[in-house]
Amino acid sequence: MATETMTGAQALWAALVREGVTEVFGYPGGAILPAYDAMLQFPIHHVLVRHEQGATHMADGYARASGKVGVAIATSGPGATNMVTGIATAMLDSSPIVCITGQVGSKLIGSDAFQETDITGITLPITKHNYLVTRAEDVAPMVREAFAVARSGRPGPVLVDITKDAQTSTCEVDWDATEPHLTETMDDELPGDGTAAEAVALINAAERPLILAGHGVTLSGAEREVVALAEKANVPIAMTLLGIGGVPAHHPLNLGMMGMHGEAWVNTAIQEADLLIAVGMRFDDRVTGNLKTYAQTARKIHVDIDSAEIGKNVPVDVGIVADVKDVLHSWTTAVERLDVAEWVGHIDELKGDSAVRDIQKLPDDGHLYAAHVINDLWRATHGNAVVVTDVGQHQMWEAQYYHHDKPRTLITSGGLGTMGFALPAAIGAKMANPDADVWAVVGDGGFQMTMCELATIVQEQLKINIAIINNGYLGMVRQWQEFFYERRYAATPLLSPDFVKLAGAYGIEAHAIKSRADVIPAVTAARAHGGTVLLDFQVEQEDSVFPMVPAGADLHKMIRRPTPLAETGADKS
Ligand SMILES: Cc1cc2nc3c(=O)[nH]c(=O)nc-3n(C[C@H](O)[C@H](O)[C@H](O)COP(=O)(O)OP(=O)(O)OC[C@H]3O[C@@H](n4cnc5c(N)ncnc54)[C@H](O)[C@@H]3O)c2cc1C
Ligand SMILES: Cc1ncc(C[n+]2csc(CCOP(=O)(O)OP(=O)(O)O)c2C)c(N)n1
Ligand SMILES: [Mg+2]
């Protein structure tokens with residue numbers, strides 16, 4: 001007999017258990033109290049966060065690290081509105097999370113009741129879908145549907161707002177009837193043979209082809225298929241920021257990252273290519289620069305599961321709405337091996353020009369450069385860490401100097417660029433993957449936005465390593481001021497607490513590192529330590545991320561690091 005009698009609050013947890021949920025991240029309050037009371041009867045571990053934004057980032061980090069749906073829970077009003085930034089972050093990066101919020105009693109809705117806020121209205125544009133549940137019998141089916149929506153097609157955040165009376169009332173739950181039935185859309189169908197044949201014909205005729213691999217490759221689990229196509233047709237691959245890890249950094253055909261802070265040879269190659277094969281990426285403006293001059297000599301094939309993305313920013317010759325994994329598999333048998341020796345040789349020459357500008361080549365001059373810290377972090381962790389970054393210069397240096405060979409090992413906020421993401425998302429990643437060597441790589445600015453979650457780490461007894469890239473500035477904004485506002489540093493010099501003492505107040509081991517020789521020993525010791533360790537890397541203050549395509553500029557018009565290599569700015573200390 002699949003029917004059970006229970007309260008809406010019990011139905012919520014029973015539905016979560018059925019969806020395979022074992023952890024939720026949340027913060028209680030009046031309107032969600034019946035749900036919290038019922039929670040104690042169910043085998044789900046609740047992580048008490050210090051701010052509801054943290055709960056959403058934790059759910060997001062959990063989802064990105066595992067591929068499963070992450071769950072966050074909060075009360076009505078301020079609890080729900082505190083989730084907004086995390087929901088938007090998940091939306092922009094297609095991350096599947098389900099957020100549960102309590103709502104005032106259904107009879108009070110619209111009366112400006114205590115802690116009433118129209119959270120379904122507020123989150124309408126930043127959720128894939130949301131629900132206001134006012135009856136106990138609707139709780140289980142809607143929660144289950146929320147999971148199906150979050151994980152299907154192009155993943156994304158879903159919010160379920162449950163009134164207090166829906167939590168306290170009793171209902172009959174017929175579990176068979178709660179099985180979600182999403183309407184099939186054309187997005188789930190494979191394209192016709194004709195379109196596939198057009199794509200294959202373009203590939204077989206190409207002389208200067210490039211694959212542009214994005215986040216959709218990892219979301220689809222198509223890592224092997226992308227490499228198989230690239231190897232069969234002999235086509236080099238460029239990655240978006242969120243695509244990193246989808247193809248091993250060390251694969252000889254992987255050229256590295258494209259875009260605003262992408263490798264110079266990659267951006268130049270995109271501008272000179274005769275064919276772009278874009279798979280699971282959405283031609284973000286950080287990737288294309290000026291659309292009018294973007295890849296003008298290239299024919300374009302675009303595969304995306306979301307039909308709205310095809311032709312949205314960049315007109316394409318062949319657009320295919322499908323799961324990238326299915327498409328790549330079908331192409332690989334049909335493509336021929338291309339003779340691209342001249343093209344690849346040309347790209348190698350471009351790489352040589354970049355090598356002489358690489359900050360890694362600067363001999364140890366007593367100053368600590370963030371790029372050196374990241375590169376040494378990569379070496380000391382043998383490239384095996386799960387790195388969760390915050391947003392800013394350190395994020396870009398991570399993308400350039402930590403060479404990810406495995407999917408889901410770089411977790412970062414790309415589309416919304418949410419400062420404060422790293423520390424809570426690292427908690428989620430660690431909960432999803434307890435055996436992983438998880439590092440939060442975070443700026444001194446972003447760390448101060450969500451550092452309250454240090455207490456969550458301690459309460460949960462988690463082992464996370466935290467690397468603060470402390471440059472005394474809101475560095476990425478300072479860089480824009482240096483390049484485009486004649487070094488007028490309005491509101492970017494940043495005072496920070498003594499991070500070592502701050503960690504000490506939480507009982508967390510911490511050290512400050514000021515010289516290059518100390519980086520690898522500090523990272524190695526942190527990894528060996530049983531508990532969380534915070535490393536405060538006090539780096540060169542006015543260094544900049546190169547190359548840089550100024551916002552809206554032509555992709556090939558990059559600001560390059562000056563050569564011969566020299567100090568980039570005065571160190572205050
Ligand atoms: C400070 C800063 C600087 C940045 N600089 C750069 C930069 O230099 N270079 C760069 O690349 N990015 C940069 N970004 C990130 C950038 O803003 C975008 O977030 C990123 O380029 C998006 O990558 P994406 O298109 O691969 O991923 P997403 O935005 O996640 O898009 C994924 C696409 O894949 C599709 N998809 C999902 N699942 C499937 C499936 N199963 N099959 C097929 N398609 C699927 C989705 O519909 C979507 O269109 C920067 C961000 C910040 C904060
Ligand atoms: C919540 C939020 N506010 C503002 C910004 C704009 N912003 C982007 S990068 C940046 C500076 C980040 O400074 P820090 O955390 O110290 O990192 P750094 O760039 O110095 O490595 C700012 C303010 C943002 N991305 N997110
Ligand atoms: Mg900083």
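Is N471 buried or exposed? N471 counts as buried because its relative accessibility is 5%; buried means under 20% relative accessible area, exposed over 50% and partly exposed in between, with a 1.4 Å probe and protein chains only. This is a predicted model, in which local features need pLDDT of at least 70, side-chain atom pairs count only at pLDDT 80 or more, and totals for chains, interfaces and linings use all residues. Residues are numbered from 1 along each chain as its sequence is written, chains are lettered from A and ligands numbered from 1 in the order in which they are written, and side-chain values use heavy atoms, with hydrogens and water left out.

**Magnesium site (ligand 3)**

- D444 (OD), N471 (OD1) and Y473 (O) coordinate the magnesium ion at 2.0 to 2.2 Å.
- Donors here are N, O and S atoms within 2.8 Å of the metal (3.2 Å for Na, K and Ca); water is not among the atoms, so sites may look incomplete.
- Along the chain, the donors follow the spacing D-x26-N-x1-Y.
- Y473 also counts as buried, because its relative accessibility is 4%.

**Ligand 2**

- The shell around ligand 2 holds 17 residues, and the closest are H394, G417, D444, G446 and G475. A residue belongs to such a shell if one of its heavy atoms lies within 4 Å of the molecule.
- G417 places a backbone N or O atom 2.8 Å from a nitrogen atom of ligand 2.
- A polar backbone atom of G445 is 2.9 Å from an oxygen atom of the ligand.
- G475 also uses a backbone N or O atom, 2.8 Å from an oxygen atom of ligand 2.
- Ligand 2 alone exposes 580 Å², and the protein buries 76% of that. Accessible areas come from the Shrake-Rupley method with a 1.4 Å probe; for residues, only the protein chains shown count as cover.
- Helices α17 (393-401), α19 (444-450) and α21 (475-484) each supply at least two shell residues. The largest share, 4 residues, comes from α19.
- Helices (H or I, at least four residues) and strands (E, at least two) are DSSP runs, numbered from the N terminus.

**H394**

- H394 sits in helix α17.
- H394 counts as buried, because its relative accessibility is 6%.
- Beyond neighbours within four places in sequence, H394 is in contact (heavy atoms within 4.5 Å) with V441, V442, G443 and I469.

**Ligand 1**

- Around ligand 1 there are 37 residues; the closest are T240, M258, H261, R282 and D304.
- The side chain of T240 has an N or O atom 2.6 Å from an oxygen atom of ligand 1.
- A backbone N or O atom of H215 lies 2.8 Å from a ligand oxygen atom. For G280, a backbone N or O atom lies 3.1 Å from an oxygen atom of ligand 1.
- Taken alone, ligand 1 exposes 990 Å², of which the protein buries 96%.
- Helices α10 (215-220), α13 (285-288) and α17 each give at least two residues to this shell. The largest share, 4 residues, is from α10.

Methods. A polar contact is a pair of N or O atoms within 3.5 Å; within protein, one must be able to donate a hydrogen and the other to accept it, and residues adjacent in sequence count only if both atoms are side-chain atoms.
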